[in-house]
Amino acid sequence: MSKKPKSSALHETDGVSSQSDITNASSIKQIKDKRKAKLDTNILVAEILKGNITALSRAITLVESSNPKHLQQANDVIKQCLPYANKSIRVGITGVPGVGKSTFIEAFGLHLTSIGKKVAVLAVDPSSSLSKGSILGDKTRMEDLVKNDDAYIRPSASGTSLGGVARKTRESIILCEAAGFDTIVIETVGVGQSETAVHSMVDFFLLLKIAGAGDELQGIKRGIIEMADAIAINKADGENMKAAKLAKVEFNRALHLYPQKESEWQPKVSLCSALHREGINDLWLLISEFTEHTKGNNYFEAHRTEQNKFWLLQTIEDRLKSNFFNQPEIKEALKSQLQLIEEGKTTPFVAAEYLLNLKN
């Protein structure tokens, strides 16, 4: 009885293996193509309105994208979501690095979800001016809140353009509101002009401070204090309680030196300990009191309208600036004018006038 050559069996096995490889490669390609596929705008909006977090994240990614191809779809999504927005309270939180913003926001968010609120946290992480990179570590710092079904945390890189951050954040607010989040918390980087940008897109602006840092009064910057609707002295616990109470008295005195706000609201100072989650409810009651007060005197809606007007003008300025500097003729002429400035042959003002008149 003759035996079949072993080579035929080996050949058959090779064939099966080869077919498997082809199948796997095909499956992987299909998955990649599916991920790359542009999701229909209407489907994306419908999912956002259902509270689908994946769809919300994808829409925010579209808004944040610098790819011109994504701009039109992002605008279409925003336009369709707009009728379902503007039904939240927007809270801006600022404070110097080390004041405990992330710990406070987590404690604040957990308290709000415990009383039936849905909270979206939009945290702007500073980008390195050298590497352009960001850590985007808020999700790791708020490990309890990130696991909460009624909370959504979205860290975003600040980039180099404050106007760009503002646009992305404002449109992300609209998307989060359309997804059903009734409390939007925006954390600033705590440095530079970010406070001004955030103040111009929130209803209530909270300044976090810590006692015992030697800056109870000397660290007060007039602009920040004028913007604040409340000051919360964090880390008011243990041995630090005495210093926190003293700081509260000092800040209260300072606040009364400022003229009355347009909202006719007198800013207040509160103590809290984010670590021990104490004083958080008092702050929420304060925010609720502010909301009731400003809605009662019609300041709430008027303020939002003024913010929208401001960002209309700001967006036009940003677009005009971007279009101007991206023109090839301007790029070349700018190099020449910069060289002339280096050689001392022109002044910045004459050079600017020359560049601005190139297209006239």
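In the predicted model, Leu312, Leu313, Ile316 and Leu320 together make a nonpolar surface patch of about 410 Å². One of these residues, Leu312, is placed in helix H12, which spans residues 299-325. Leu312 counts as exposed because its relative accessibility is 51%, the cut-off for this class being over 50%.

Charged side chains were examined next. A search of the whole structure finds 10 salt bridges. Among them is the pair formed by Glu64 and Arg154, whose side chains meet at 3.0 Å, N to O. Arg154 is classed as buried because its relative accessible area is 14%, where buried means under 20%.

A further salt bridge links Asp144 with Arg277, the closest N and O atoms of the pair being 3.5 Å apart. Both partners lie in loops: Asp144 in the one between helix H6 (138-141) and E3, and Arg277 in the one between strand E7 (268-271) and helix H11 (280-296); the pair therefore ties together parts that are 133 residues apart in sequence. Asp144 is partly exposed, with a relative accessible area of 35%, and Arg277 is likewise partly exposed, at 43%.

The salt bridge between Arg253 and Glu250 has its closest N and O atoms 3.7 Å apart. Both residues lie in helix H10 (residues 241-255), where a spacing of 3 residues corresponds to about one turn of the helix. With a relative accessible area of 54%, Arg253 is exposed, whereas Glu250, at 22% relative accessibility, counts as partly exposed.

Lys101 is buried yet has no salt bridge, and the nearest side chain of opposite charge, that of Glu187, is 4.6 Å away. The side chain of Lys101 does, however, reach the backbone oxygen of Gly95, at a distance of 2.8 Å.

Glu187 is also part of the description of strand E4, where it is one of the buried residues. Strand E4 comprises residues 183-187 and is mostly covered, with 5 of its 5 residues buried. The cover extends to both faces of E4: Thr183, Val185 and Glu187 are buried on one side, and Ile184 and Ile186 on the other. Strand E1 (residues 89-94) runs parallel to E4 and is joined to it by 5 bridges. Within this pairing, Gly92 stands opposite Ile186 of E4.

Backbone geometry was also considered. Asn86 is not a glycine, but has a positive phi of about 65°. Asn86 is found in the loop between helix H4 (68-81) and E1, and is partly exposed, with a relative accessible area of 40%. A positive phi, of about 55°, is also found at Arg277, another residue that is not a glycine. This is the Arg277 that forms the salt bridge with Asp144, and its place is in the loop between E7 and H11.

Technical notes. Residues are numbered from 1 along each chain as its sequence is written. This is a predicted model: local features need pLDDT of at least 70, side-chain atom pairs count only at pLDDT 80 or more; totals for chains, interfaces and linings use all residues. Side-chain values use heavy atoms; hydrogens and water are left out. Buried means under 20% relative accessible area, exposed over 50%, partly exposed in between (1.4 Å probe, protein chains only). Lys and Arg count as positive and Asp and Glu as negative; His and the chain ends are not counted. A salt bridge is a side-chain nitrogen of Lys or Arg within 4 Å of a carboxyl oxygen of Asp or Glu. A polar contact is a pair of N or O atoms within 3.5 Å; within protein, one must be able to donate a hydrogen and the other to accept it, and residues adjacent in sequence count only if both atoms are side-chain atoms. Patches are made of residues with over 30% relative accessible area and no salt bridge: like charges are joined within 9 Å, nonpolar side chains (Val, Leu, Ile, Met, Phe, Trp, Tyr) within 5 Å. Accessible areas come from the Shrake-Rupley method with a 1.4 Å probe; for residues, only the protein chains shown count as cover. Helices (H or I, at least four residues) and strands (E, at least two) are DSSP runs, numbered from the N terminus. Two strands pair if DSSP finds at least two bridges between them.
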